[in-house]
Amino acid sequence: MPAPLTPADYVTAEAYACEQGLLGRAWTPVCRSEELAAAGAQRPVQVADTPILLTRDRDGVVRAMSNVCRHRGMILASEPLQAEVVRCPYHLWAFGLDGRLKAAPFMAPGSVSNCDLPLYQAGEWGGFVFVSLDPDAQPLSEAMAPMAEALQPDRLEGLRIGWRVAFEHAWNWKVLVENFGESYHHIGPHAGTLQPLWPGGQTDSTPGGPDWFEITHPEHPEEGALRVWVIFPLFLLATTTRSTGAVWYRITPTGPQSMSLEVLGLEPPKACADAEKMGAARELLTAVHLEDITVCDGVQAGLRSPDAILGPLSPLEAGVARFRGWIAASRARPGR
Ligand code: FES
Ligand SMILES: [Fe+2]
(Lines give C-alpha, C1' and ligand atoms only; values in the text may rest on other atoms or scores of the structure.)
(Ligands and ions follow the chains in the order given, each with its own letter.)
Protein backbone atom coordinates (compact mmCIF):
# COMPACT_ATOMS: atom_id res chain seq x y z
CA MET A 1 0.00 0.00 0.00
CA PRO A 2 1.73 3.26 -1.06
CA ALA A 3 1.94 6.04 1.53
CA PRO A 4 -1.07 8.39 1.16
CA LEU A 5 -0.57 12.05 0.26
CA THR A 6 0.03 14.59 3.02
CA PRO A 7 0.03 18.43 2.98
CA ALA A 8 3.81 18.33 2.45
CA ASP A 9 3.15 16.82 -0.99
CA TYR A 10 1.64 20.16 -2.03
CA VAL A 11 4.43 22.30 -0.62
CA THR A 12 7.92 20.84 -0.45
CA ALA A 13 10.73 20.66 -2.99
CA GLU A 14 11.36 17.02 -1.97
CA ALA A 15 7.81 15.99 -2.84
CA TYR A 16 7.97 17.89 -6.12
CA ALA A 17 11.26 16.19 -7.03
CA CYS A 18 9.65 12.84 -6.24
CA GLU A 19 6.85 13.56 -8.75
CA GLN A 20 9.12 14.29 -11.71
CA GLY A 21 9.18 10.61 -12.68
CA LEU A 22 5.40 10.29 -12.89
CA LEU A 23 5.01 13.66 -14.63
CA GLY A 24 7.59 12.61 -17.23
CA ARG A 25 6.26 9.07 -17.76
CA ALA A 26 2.66 10.05 -18.45
CA TRP A 27 1.44 11.14 -21.88
CA THR A 28 0.97 14.89 -21.39
CA PRO A 29 -0.87 17.20 -23.82
CA VAL A 30 1.49 20.10 -24.49
CA CYS A 31 -0.11 21.98 -27.38
CA ARG A 32 -2.78 21.84 -30.04
CA SER A 33 -1.73 20.46 -33.43
CA GLU A 34 -2.54 23.84 -34.96
CA GLU A 35 0.15 25.39 -32.74
CA LEU A 36 2.66 23.21 -34.59
CA ALA A 37 0.93 23.30 -37.92
CA ALA A 38 3.40 23.74 -40.77
CA ALA A 39 6.62 21.96 -41.77
CA GLY A 40 9.47 23.60 -39.87
CA ALA A 41 7.30 24.61 -36.93
CA GLN A 42 9.28 24.56 -33.66
CA ARG A 43 7.80 25.03 -30.21
CA PRO A 44 9.48 24.86 -26.81
CA VAL A 45 7.50 23.20 -24.01
CA GLN A 46 8.33 21.85 -20.57
CA VAL A 47 7.55 18.25 -19.54
CA ALA A 48 8.36 17.50 -15.91
CA ASP A 49 11.88 18.93 -15.37
CA THR A 50 12.86 18.55 -19.04
CA PRO A 51 12.89 21.36 -21.62
CA ILE A 52 11.47 19.88 -24.83
CA LEU A 53 11.47 21.21 -28.37
CA LEU A 54 8.57 20.07 -30.55
CA THR A 55 9.11 20.09 -34.30
CA ARG A 56 7.08 19.17 -37.34
CA ASP A 57 9.06 17.98 -40.35
CA ARG A 58 8.26 18.06 -44.09
CA ASP A 59 6.38 14.77 -43.87
CA GLY A 60 4.11 16.15 -41.16
CA VAL A 61 5.74 14.04 -38.44
CA VAL A 62 5.79 15.58 -34.95
CA ARG A 63 8.90 14.99 -32.87
CA ALA A 64 9.85 15.82 -29.30
CA MET A 65 13.54 16.37 -28.66
CA SER A 66 15.73 17.85 -25.98
CA ASN A 67 15.70 21.65 -26.14
CA VAL A 68 19.22 21.72 -24.67
CA CYS A 69 22.15 22.21 -27.02
CA ARG A 70 24.68 19.36 -27.03
CA HIS A 71 27.56 21.86 -27.07
CA ARG A 72 27.47 24.02 -23.93
CA GLY A 73 23.91 23.49 -22.76
CA MET A 74 22.19 26.53 -24.22
CA ILE A 75 18.39 26.39 -24.53
CA LEU A 76 17.88 26.07 -28.28
CA ALA A 77 14.50 27.76 -28.70
CA SER A 78 12.76 29.97 -26.16
CA GLU A 79 9.72 30.79 -28.26
CA PRO A 80 7.79 29.23 -31.15
CA LEU A 81 9.41 29.74 -34.54
CA GLN A 82 9.41 28.50 -38.09
CA ALA A 83 12.71 27.33 -39.68
CA GLU A 84 14.21 24.46 -41.67
CA VAL A 85 16.79 23.77 -38.96
CA VAL A 86 17.05 24.08 -35.20
CA ARG A 87 19.87 26.58 -34.74
CA CYS A 88 21.48 27.22 -31.38
CA PRO A 89 21.80 31.00 -30.87
CA TYR A 90 25.13 30.63 -29.02
CA HIS A 91 27.68 29.12 -31.49
CA LEU A 92 25.21 28.37 -34.26
CA TRP A 93 25.29 24.59 -34.17
CA ALA A 94 22.44 23.43 -36.40
CA PHE A 95 20.23 20.38 -35.91
CA GLY A 96 17.68 18.89 -38.29
CA LEU A 97 13.98 18.75 -37.45
CA ASP A 98 14.72 15.12 -36.54
CA GLY A 99 17.30 16.19 -33.93
CA ARG A 100 20.40 15.14 -35.91
CA LEU A 101 23.40 17.46 -35.76
CA LYS A 102 23.86 18.94 -39.23
CA ALA A 103 26.53 21.60 -38.75
CA ALA A 104 28.95 22.72 -36.03
CA PRO A 105 31.11 25.64 -37.15
CA PHE A 106 34.89 25.23 -36.62
CA MET A 107 34.48 21.81 -34.97
CA ALA A 108 36.47 18.80 -36.21
CA PRO A 109 33.91 16.30 -37.58
CA GLY A 110 35.23 13.49 -35.36
CA SER A 111 34.65 15.54 -32.21
CA VAL A 112 30.89 15.89 -32.70
CA SER A 113 29.89 12.34 -33.60
CA ASN A 114 27.65 11.87 -30.54
CA CYS A 115 25.91 15.21 -30.55
CA ASP A 116 22.42 14.46 -31.90
CA LEU A 117 19.57 15.74 -29.71
CA PRO A 118 17.93 13.02 -27.58
CA LEU A 119 14.43 12.20 -28.81
CA TYR A 120 11.37 11.56 -26.68
CA GLN A 121 7.96 10.04 -27.45
CA ALA A 122 5.48 12.32 -29.25
CA GLY A 123 2.09 11.79 -30.84
CA GLU A 124 -1.18 13.43 -31.80
CA TRP A 125 -4.65 12.54 -30.58
CA GLY A 126 -7.84 14.56 -30.81
CA GLY A 127 -5.94 17.55 -32.22
CA PHE A 128 -3.59 17.63 -29.21
CA VAL A 129 0.17 17.00 -29.32
CA PHE A 130 1.23 14.72 -26.48
CA VAL A 131 4.72 14.00 -25.11
CA SER A 132 6.05 11.25 -22.86
CA LEU A 133 9.64 11.03 -21.62
CA ASP A 134 9.26 7.28 -21.14
CA PRO A 135 10.97 5.33 -23.95
CA ASP A 136 8.72 2.37 -23.08
CA ALA A 137 5.48 4.39 -22.94
CA GLN A 138 2.41 2.56 -24.16
CA PRO A 139 1.45 3.87 -27.65
CA LEU A 140 -0.58 7.08 -27.30
CA SER A 141 -3.67 5.72 -29.07
CA GLU A 142 -3.70 2.72 -26.70
CA ALA A 143 -3.21 4.91 -23.64
CA MET A 144 -6.13 7.13 -24.70
CA ALA A 145 -8.41 4.30 -25.88
CA PRO A 146 -10.33 4.02 -22.57
CA MET A 147 -11.35 7.71 -22.82
CA ALA A 148 -12.12 7.74 -26.56
CA GLU A 149 -15.82 7.02 -26.21
CA ALA A 150 -16.30 9.84 -23.71
CA LEU A 151 -13.98 12.42 -25.27
CA GLN A 152 -14.68 11.74 -28.97
CA PRO A 153 -11.23 12.57 -30.43
CA ASP A 154 -12.63 12.99 -33.96
CA ARG A 155 -14.79 15.84 -32.74
CA LEU A 156 -11.92 17.38 -30.74
CA GLU A 157 -9.63 17.18 -33.76
CA GLY A 158 -11.93 19.47 -35.75
CA LEU A 159 -11.80 22.23 -33.13
CA ARG A 160 -9.53 25.28 -33.28
CA ILE A 161 -8.36 27.75 -30.65
CA GLY A 162 -11.04 30.45 -30.44
CA TRP A 163 -9.71 32.27 -27.40
CA ARG A 164 -7.14 31.91 -24.65
CA VAL A 165 -6.24 33.44 -21.31
CA ALA A 166 -3.02 32.86 -19.36
CA PHE A 167 -2.27 32.92 -15.63
CA GLU A 168 0.72 32.39 -13.34
CA HIS A 169 -0.31 30.87 -10.01
CA ALA A 170 1.58 30.32 -6.75
CA TRP A 171 -0.06 26.89 -6.33
CA ASN A 172 1.09 23.34 -6.41
CA TRP A 173 -0.28 21.88 -9.66
CA LYS A 174 -2.36 19.29 -7.75
CA VAL A 175 -4.33 22.09 -6.04
CA LEU A 176 -5.72 23.08 -9.44
CA VAL A 177 -6.28 19.50 -10.65
CA GLU A 178 -8.28 18.75 -7.50
CA ASN A 179 -10.25 21.98 -7.77
CA PHE A 180 -11.05 21.24 -11.42
CA GLY A 181 -11.90 17.66 -10.46
CA GLU A 182 -14.85 18.27 -8.14
CA SER A 183 -18.02 20.31 -8.53
CA TYR A 184 -18.92 20.13 -4.82
CA HIS A 185 -17.40 23.65 -4.56
CA HIS A 186 -20.06 25.10 -6.90
CA ILE A 187 -21.97 25.73 -3.67
CA GLY A 188 -19.14 28.01 -2.43
CA PRO A 189 -17.13 30.24 -4.79
CA HIS A 190 -19.42 29.60 -7.77
CA ALA A 191 -22.71 30.17 -5.87
CA GLY A 192 -23.67 32.95 -8.30
CA THR A 193 -22.31 31.45 -11.54
CA LEU A 194 -22.15 27.65 -11.88
CA GLN A 195 -24.29 26.58 -8.92
CA PRO A 196 -27.62 27.83 -10.42
CA LEU A 197 -26.81 25.88 -13.62
CA TRP A 198 -25.22 22.71 -12.21
CA PRO A 199 -25.82 22.38 -8.45
CA GLY A 200 -22.75 20.97 -6.71
CA GLY A 201 -24.76 18.48 -4.68
CA GLN A 202 -26.10 16.77 -7.81
CA THR A 203 -22.78 15.87 -9.41
CA ASP A 204 -21.03 12.52 -9.71
CA SER A 205 -17.33 11.85 -10.28
CA THR A 206 -17.38 8.06 -10.03
CA PRO A 207 -17.49 7.36 -13.83
CA GLY A 208 -14.14 6.67 -15.51
CA GLY A 209 -11.26 4.25 -15.00
CA PRO A 210 -8.12 3.75 -12.91
CA ASP A 211 -6.31 6.75 -14.40
CA TRP A 212 -9.13 9.13 -15.29
CA PHE A 213 -12.62 10.21 -14.29
CA GLU A 214 -15.55 12.21 -15.53
CA ILE A 215 -17.74 14.54 -13.47
CA THR A 216 -21.33 14.38 -14.62
CA HIS A 217 -23.85 17.14 -13.88
CA PRO A 218 -27.64 17.45 -14.18
CA GLU A 219 -29.08 18.64 -17.48
CA HIS A 220 -29.90 22.37 -17.48
CA PRO A 221 -32.80 23.28 -19.82
CA GLU A 222 -30.78 25.93 -21.74
CA GLU A 223 -27.14 25.07 -21.06
CA GLY A 224 -27.31 21.26 -21.17
CA ALA A 225 -25.17 19.14 -18.85
CA LEU A 226 -21.63 20.11 -17.92
CA ARG A 227 -19.08 17.34 -18.61
CA VAL A 228 -15.65 17.56 -16.99
CA TRP A 229 -12.75 15.15 -17.55
CA VAL A 230 -9.57 14.70 -15.55
CA ILE A 231 -7.05 12.34 -17.16
CA PHE A 232 -4.16 11.81 -14.79
CA PRO A 233 -2.02 13.57 -14.17
CA LEU A 234 -2.40 16.74 -16.27
CA PHE A 235 -5.12 16.58 -18.94
CA LEU A 236 -8.11 18.73 -17.92
CA LEU A 237 -10.98 19.21 -20.34
CA ALA A 238 -14.60 20.36 -20.05
CA THR A 239 -17.60 20.83 -22.31
CA THR A 240 -21.38 20.79 -22.13
CA THR A 241 -23.84 18.60 -23.98
CA ARG A 242 -25.10 21.73 -25.81
CA SER A 243 -21.67 23.14 -26.63
CA THR A 244 -20.00 22.85 -30.03
CA GLY A 245 -16.56 23.13 -28.45
CA ALA A 246 -14.54 22.42 -25.31
CA VAL A 247 -12.33 24.20 -22.79
CA TRP A 248 -8.80 22.94 -22.16
CA TYR A 249 -6.80 23.84 -19.05
CA ARG A 250 -3.14 23.59 -20.11
CA ILE A 251 -1.10 23.30 -16.91
CA THR A 252 2.68 23.48 -16.70
CA PRO A 253 4.01 22.77 -13.20
CA THR A 254 7.02 25.04 -12.61
CA GLY A 255 7.89 24.31 -8.97
CA PRO A 256 6.51 22.90 -5.69
CA GLN A 257 4.28 25.96 -5.29
CA SER A 258 4.08 27.44 -8.77
CA MET A 259 2.47 26.64 -12.09
CA SER A 260 1.55 28.25 -15.38
CA LEU A 261 -1.99 27.90 -16.65
CA GLU A 262 -3.43 28.68 -20.03
CA VAL A 263 -7.17 28.26 -20.50
CA LEU A 264 -8.00 27.66 -24.16
CA GLY A 265 -11.45 27.80 -25.72
CA LEU A 266 -11.64 25.26 -28.56
CA GLU A 267 -14.42 25.73 -31.08
CA PRO A 268 -15.28 24.78 -34.68
CA PRO A 269 -13.51 27.16 -37.13
CA LYS A 270 -16.75 28.96 -37.97
CA ALA A 271 -17.44 29.80 -34.33
CA CYS A 272 -13.81 30.92 -33.88
CA ALA A 273 -14.41 33.59 -36.52
CA ASP A 274 -17.17 35.14 -34.37
CA ALA A 275 -15.05 37.58 -32.34
CA GLU A 276 -17.95 38.73 -30.19
CA LYS A 277 -18.92 35.20 -29.20
CA MET A 278 -15.29 34.25 -28.48
CA GLY A 279 -14.83 37.39 -26.38
CA ALA A 280 -17.93 36.60 -24.33
CA ALA A 281 -16.81 32.99 -23.74
CA ARG A 282 -13.37 34.18 -22.66
CA GLU A 283 -14.89 36.68 -20.27
CA LEU A 284 -17.21 34.10 -18.72
CA LEU A 285 -14.46 31.53 -18.17
CA THR A 286 -12.17 34.22 -16.76
CA ALA A 287 -14.85 35.26 -14.27
CA VAL A 288 -15.31 31.64 -13.15
CA HIS A 289 -11.54 31.17 -12.86
CA LEU A 290 -11.23 34.33 -10.74
CA GLU A 291 -13.65 32.65 -8.32
CA ASP A 292 -11.39 29.58 -8.30
CA ILE A 293 -8.29 31.73 -7.74
CA THR A 294 -9.64 32.92 -4.37
CA VAL A 295 -10.10 29.38 -3.06
CA CYS A 296 -6.94 27.90 -4.59
CA ASP A 297 -4.87 30.78 -3.11
CA GLY A 298 -6.49 29.98 0.24
CA VAL A 299 -5.90 26.22 -0.04
CA GLN A 300 -2.21 26.69 -0.91
CA ALA A 301 -1.76 29.04 2.08
CA GLY A 302 -3.59 26.59 4.34
CA LEU A 303 -1.51 23.62 3.18
CA ARG A 304 1.67 25.54 4.02
CA SER A 305 0.60 26.06 7.61
CA PRO A 306 1.81 23.90 10.55
CA ASP A 307 -1.68 22.55 11.26
CA ALA A 308 -2.56 21.68 7.66
CA ILE A 309 -4.45 18.44 7.08
CA LEU A 310 -5.93 16.57 4.14
CA GLY A 311 -9.33 15.99 5.73
CA PRO A 312 -12.09 13.53 4.85
CA LEU A 313 -13.49 13.72 1.31
CA SER A 314 -17.20 13.69 0.48
CA PRO A 315 -18.72 11.18 -1.99
CA LEU A 316 -18.94 14.18 -4.35
CA GLU A 317 -15.13 14.16 -4.39
CA ALA A 318 -14.71 10.54 -5.47
CA GLY A 319 -12.56 11.68 -8.39
CA VAL A 320 -10.20 13.59 -6.08
CA ALA A 321 -9.80 10.46 -3.96
CA ARG A 322 -8.99 8.43 -7.09
CA PHE A 323 -6.48 11.07 -8.25
CA ARG A 324 -4.68 11.09 -4.90
CA GLY A 325 -4.52 7.29 -4.86
CA TRP A 326 -3.09 7.29 -8.39
CA ILE A 327 -0.43 9.87 -7.48
CA ALA A 328 0.57 7.92 -4.37
CA ALA A 329 0.91 4.68 -6.37
CA SER A 330 2.60 6.27 -9.41
CA ARG A 331 5.27 8.18 -7.52
CA ALA A 332 6.28 4.97 -5.80
CA ARG A 333 7.19 3.49 -9.22
CA PRO A 334 10.87 4.01 -10.01
CA GLY A 335 12.24 5.68 -13.16
CA ARG A 336 10.48 7.06 -16.16
S1 FES B 1 25.90 26.10 -26.78
FE2 FES B 1 24.87 25.64 -28.59
S3 FES B 1 26.31 25.98 -30.12
FE4 FES B 1 27.40 26.41 -28.34
FE1 LIG C 1 -14.23 26.00 -9.73
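1. **Strands 15 and 16.** Leu 236 has Tyr 249 as its bridge partner in strand 16. The model is predicted. Strand 16 covers residues 246-255 and is joined to strand 15 by four bridges. The two strands run antiparallel. They form a hairpin, with five residues between them.

2. **Strands 14 and 15.** Leu 236 also has a partner on another strand: Val 230 is paired with this residue by a bridge. Strand 14 spans residues 226-231, and its pairing with strand 15 is antiparallel, over six bridges. A hairpin of three residues links strand 14 to strand 15. How much of strand 15 is buried? Of the six residues in this strand (235-240), five are buried, and the strand is mostly covered.

3. **A cis peptide in the loop.** Phe 232 and Pro 233 are joined by a cis peptide bond, with omega about 0 degrees. Pro 233 sits in the loop between strand 14 and strand 15. Most peptide bonds are trans. That makes the bond between Phe 232 and Pro 233 one to look at in the model.

4. **The nonpolar core.** Val 230 returns here. The largest nonpolar core holds 72 residues. Leu 54, Val 129, Leu 176 and Val 230 have the most contacts inside it. Which domains supply this core? Domain 1 (28-136) and domain 2 (147-331) each give at least three residues.

5. Strand 3 (residues 50-56) and strand 4 pair in the antiparallel sense, over five bridges. Arg 56 stands opposite Val 62 of strand 4. The hairpin of these strands has five residues between them, and Gly 60 there takes a positive phi near 90 degrees. Strand 4 is also joined to strand 9 by two bridges, running antiparallel. There, Ala 64 has Tyr 120 as its bridge partner. Strand 4 (residues 62-66) is mostly covered, with four of its five residues buried.

6. **The domain boundary.** The domain assignment gives domain 1 (28-136) and domain 2 (147-331). Their C-alpha centres lie 30 Å apart. How many residues meet across the boundary? Eight residues of domain 1 are in contact with 10 residues of domain 2. On the domain 1 side, strand 1 (residues 28-32) gives the largest share, three residues. That side divides into two nonpolar, four polar and two charged residues.

7. **Helix 2.** Helix 2 covers residues 140-151, and its buried residues are Met 144, Met 147 and Leu 151. Seen down the helix axis, the buried residues fall within an arc of 60 degrees, so they line one face of helix 2. The face turned away from this buried side carries exposed Ser 141, Glu 142 and Glu 149. What covers the buried residues? The cover includes strand 9 (119-125), helix 3 (153-157), strand 13 (212-216), strand 14 and strand 15. After helix 2 comes Gln 152, with a positive phi near 50 degrees.

8. **The 6-7-8 sheet.** Three strands form an open sheet in the order 6-7-8, with antiparallel pairing. Strand 6 (86-87) and strand 8 (101-103) are at the edges; each has a single partner strand, so one side of each has no neighbour in the sheet. Two bridges pair strand 6 with strand 7 (residues 94-95). Val 86 stands opposite Phe 95 in strand 7.

9. Most residues other than glycine have a negative phi. Leu 92 has a positive phi of about 65 degrees. This residue, Leu 92, is in the loop between strand 6 and strand 7. Is Leu 92 buried or exposed? Leu 92 is exposed, because 12 other C-beta atoms lie within 10 Å, and the cut-off for exposed is 12 or fewer. Ala 48 also has a positive phi, near 50 degrees. Ala 48 lies in the loop between strand 2 (41-47) and strand 3. Ala 48 counts as partly exposed, with 18 C-beta neighbours inside 10 Å.

Terms used
Residues numbered from 1 in each chain as written. Chains lettered and ligands numbered in written order. Predicted model: local features only at pLDDT ≥ 70, side-chain atom pairs only at ≥ 80, totals over all residues. Core = buried A, V, L, I, M, F, W, Y, C linked by C-beta atoms within 7 Å. Buried ≥ 20, exposed ≤ 12 C-beta atoms within 10 Å, placed from the backbone. Domains from an automatic or database assignment. Contact = placed C-beta atoms within 7 Å. Nonpolar A, V, L, I, M, F, W, Y, C, P; charged D, E, K, R; others polar. Pairing = 2+ DSSP bridges. Arc of directions from axis to C-beta.
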